[in-house]
Structures are given as structure tokens and as C-alpha cells.
Amino acid sequence: MSLDPLVFDVFARNCTSRPVMDTVAGRWGILTLAALREGTHRFNELRRRVDGVSEKMLSQTLHALERDGLVVREVRSAIPPRVEYSLTDLGARIAAKLNELIELVEGEMPQITVAQERYDAREDDLRS
């Protein structure tokens, strides 16, 4: 008896890929993965690199990314013990795609800024 292969469809309400997408595509997930793409980091190094993230949010994000198999948490024996985070192979592949998105958005910011200003001016005119 053969089992049907699992089919994952992020558009389906109960698809188990949705929580993973929430973590990966959320602001802190994207930035954490992109920062770890630069190399292994300790917690406070990551917190400084991902400017604006709270300790609690970074901790939650790292736990979720580790659970999903994208990040490895390694405790180094030293005094005091050192905890380092790095990407798994899967995490590196996903981070590379996210980095493309980051570069695209950053490169298109002049055009995006013009669109935002045009939209805001139109909204201001409607309120007047």
C-alpha cells in the first residue's frame, strides 16, 4: 500500500507551510536570515546587526528558525559559554533568495519613494 505524497500549498488555509512562511517572510525572519548569511553570529552580534529588534523578538525568531531547520544553535564550551548561530544548507538557500528580494527593494527605493509621495499627495488632496 502506497501513501499519497504530501502536497503543500501555501494558499490552503491549513497548510503547514504557512507558519514557516510567517517566520521566514516576517520582518525579523528576513533580516535575521540575511544577517546570518554574512556568517556565524552570537546573539548580541545579531541583535546589533538587526537594528531595532528586541531581545524577545530575536529570541523567538531564532527559536522558530531553528525549529524549521534553517538555523543551527551551537553552544561552545568556554567560560562563559558561547552560543553561536549559523545557517543550515537549507537556511542558506532561503537566505540567498531573500537577499535577492532585499537588493531588489533597496535598488528600487527611489521609484518606490516617488510612488509613495504621489499617493500621499493624492490622499492629502482628498482630505482637503
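How many helices and strands make up the secondary structure of this protein chain? Colleagues, the model before us is a predicted one, and its protein chain comes to six helices and three strands. Read from the N terminus, the order of the elements is α-α-β-α-α-β-β-α-α.

Let me turn to overall dimensions. The radius of gyration of the chain is 19 Å, whereas the globule rule gives 14 Å for 128 residues; the value is well over that figure, so the chain is more spread out than a compact globule. The C-alpha trace spans about 65 × 55 × 25 Å along its principal axes.

Helix α1, residues 17-25, and α2 have axes that come within 4 Å and cross at roughly 65°. On the α1 side the contact is made by Thr23, Val24 and Ala25, and on the α2 side by Arg27, Gly29, Ile30 and Leu33. Sorted by class, these residues are four nonpolar, two polar and one charged.

Helix α2 also meets helix α4, which covers residues 55-67; their axes come within 10 Å and cross at roughly 75°. Is α2 roughly parallel or roughly perpendicular to α4? Angles of 65 to 115 degrees count as roughly perpendicular, and therefore α2 is roughly perpendicular to α4. From α2, the residues Trp28, Gly29, Thr32, Leu33 and Leu36 take part, and they meet Met57, Leu58, Thr61, Leu62 and Leu65 of α4. This contact has seven nonpolar and three polar residues, with no charged ones.

Val105, Glu106 and Gly107 of α5 form the contact with Met109, Pro110 and Ile112 of α6. By class, the residues of this contact are four nonpolar, one polar and one charged.

Next, a detail of the backbone. Where does proline 80 lie? Its place is in the loop between β2, residues 71-76, and β3, residues 82-87. The peptide bond that joins isoleucine 79 to proline 80 is cis, with omega at about -5°.

Finally, the largest pocket, which has a volume of about 160 Å³. Which elements give two or more residues to its lining? They are α2, residues 27-37, and α5, residues 89-107. The lining consists of Leu31, Ala34, Ala35, Glu38, Arg49, Val50, Asp51, Asn99, Ile102 and Glu106. By class, five of the lining residues are nonpolar, one is polar and four are charged.

How values were computed:
Residues numbered from 1 in each chain as written. Predicted model: local features only at pLDDT ≥ 70, side-chain atom pairs only at ≥ 80, totals over all residues. Heavy atoms only, no water. 1 Å grid on protein atoms, 1.4 Å probe; cavity = no way out; pocket = protein on both sides within 12 Å on 5 of 7 lines; lining within 4 Å. Points joined across faces, edges and corners; volume = space filled by probe spheres on them. Nonpolar A, V, L, I, M, F, W, Y, C, P; charged D, E, K, R; others polar. Contact = heavy atoms within 4.5 Å. Rg over C-alpha atoms; globule rule 2.2 N^0.38 Å. Axes fitted to C-alpha atoms, helices over the stretch in contact; angles between N-to-C directions. Parallel < 35°, antiparallel > 145°, perpendicular 65-115°, else oblique.
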